[in-house]
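Subject: Structure handover and findings

Dear colleague,

Please find below the structure for your review. The findings follow directly after it.

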Amino acid sequence: LNALELHQTHGRSLEHMQSLNAVATVHQFMGNLTKAREYYERALALAEESSSPRIQNFLRANIANLNLGLGQFERAAATLEQVITAGTDAYPSLRYGQLSFAQLKLGRHQDALASAQQAVRLCANPNDCVLALQRRTDVNTALGEDAKALADIDAALTTLEGMRARLVPAD
């Protein structure tokens, strides 16, 4: 909060937005969702003044993730579709995975599967790939495609084992 106060008083709008986003993220992690929304929306208002589409969409995606946690799946899906369509977000695999989750909760199983498959196609690092595979597993399970779900679980476990082997090479 000290950094936020300093950036609010003396900083540029970018640092102020980053501090607001950081405070929002902490509140969201702690379960203070009303406070998190307040800080995310303040950050987005600053971003909209700065006319940086990339930052605006990053913050919109954070708000969409908050909406997922609040069970506001339609609202989250609409925002994520907007962010993805803009094409300026640095985390496309994550966004497609979040969209898949919202679509699955809305009962739009085929859309959820398409989004999950796109998340898997776009994953650029092991963490993203494990999350994308988890989303596709969830959709395949909902569709009764147990063999496909198990294949994705195996792929995720292989990815995790590869990560573990790099962290503890002598194990």
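A residue counts as buried when its relative accessible area is under 20%, and as exposed when that area is over 50%, with partly exposed in between. Gln98 has a relative accessibility of 8% and is therefore buried. Please note that the model is a predicted one.

Gln98 belongs to helix H6, which covers residues 92–105. Its side chain makes a polar contact of 3.5 Å with the side chain of Asn65. Leaving aside residues up to four places away in sequence, Gln98 touches Asn65, Leu68 and Leu80.

Turning to the nonpolar cores, the largest has 14 residues, and Leu20, Tyr39, Tyr40 and Leu59 have the most contacts inside it. At least two residues of this core come from each of helix H2 (13–29), helix H3 (33–50) and helix H4 (53–69). H3 provides the largest share, with 7 residues.

Does the length of H3 match expectation, or depart from it? With 18 residues at 1.5 Å a residue, H3 should span 26 Å, and its end C-alpha atoms are 25 Å apart, which agrees.

The structure also holds 2 aromatic pairs. In one of them, Phe58 and Tyr91 are tilted, at 6.2 Å centre to centre and with 45 degrees between the planes. This pair links distant parts of the chain, since Phe58 is in helix H4 while Tyr91 is in the loop between helix H5 (73–86) and H6, 33 residues apart. Phe58 counts as partly exposed because its relative accessibility is 28%, and Tyr91 counts as partly exposed at 40%.

The rings of Phe73 and Phe101 form an edge-to-face pair, because their planes stand at 75 degrees, with the centres 6.0 Å apart. Phe73 lies in helix H5 and Phe101 in helix H6, so this pair ties together parts that are 28 residues apart in sequence. Phe73 has a relative accessible area of 18% and is therefore buried, whereas Phe101, with 24%, is partly exposed.

Yours sincerely

Technical notes. Residues numbered from 1 in each chain as written. Predicted model: local features only at pLDDT ≥ 70, side-chain atom pairs only at ≥ 80, totals over all residues. Heavy atoms only, no water. Helix = DSSP H or I, 4+ residues; strand = E, 2+ residues; numbered from the N terminus. Buried < 20%, exposed > 50% of the residue type's maximum accessible area, 1.4 Å probe, protein only. Polar contact = N/O pair within 3.5 Å; in protein donor to acceptor, adjacent residues only side chain to side chain. Contact = heavy atoms within 4.5 Å. Core = buried A, V, L, I, M, F, W, Y, C linked by side-chain atoms within 4.5 Å. Expected span 1.5 Å × (residues − 1). Phe/Tyr/Trp six-rings, centres within 6.5 Å; stacked < 30°, edge-to-face > 60°.
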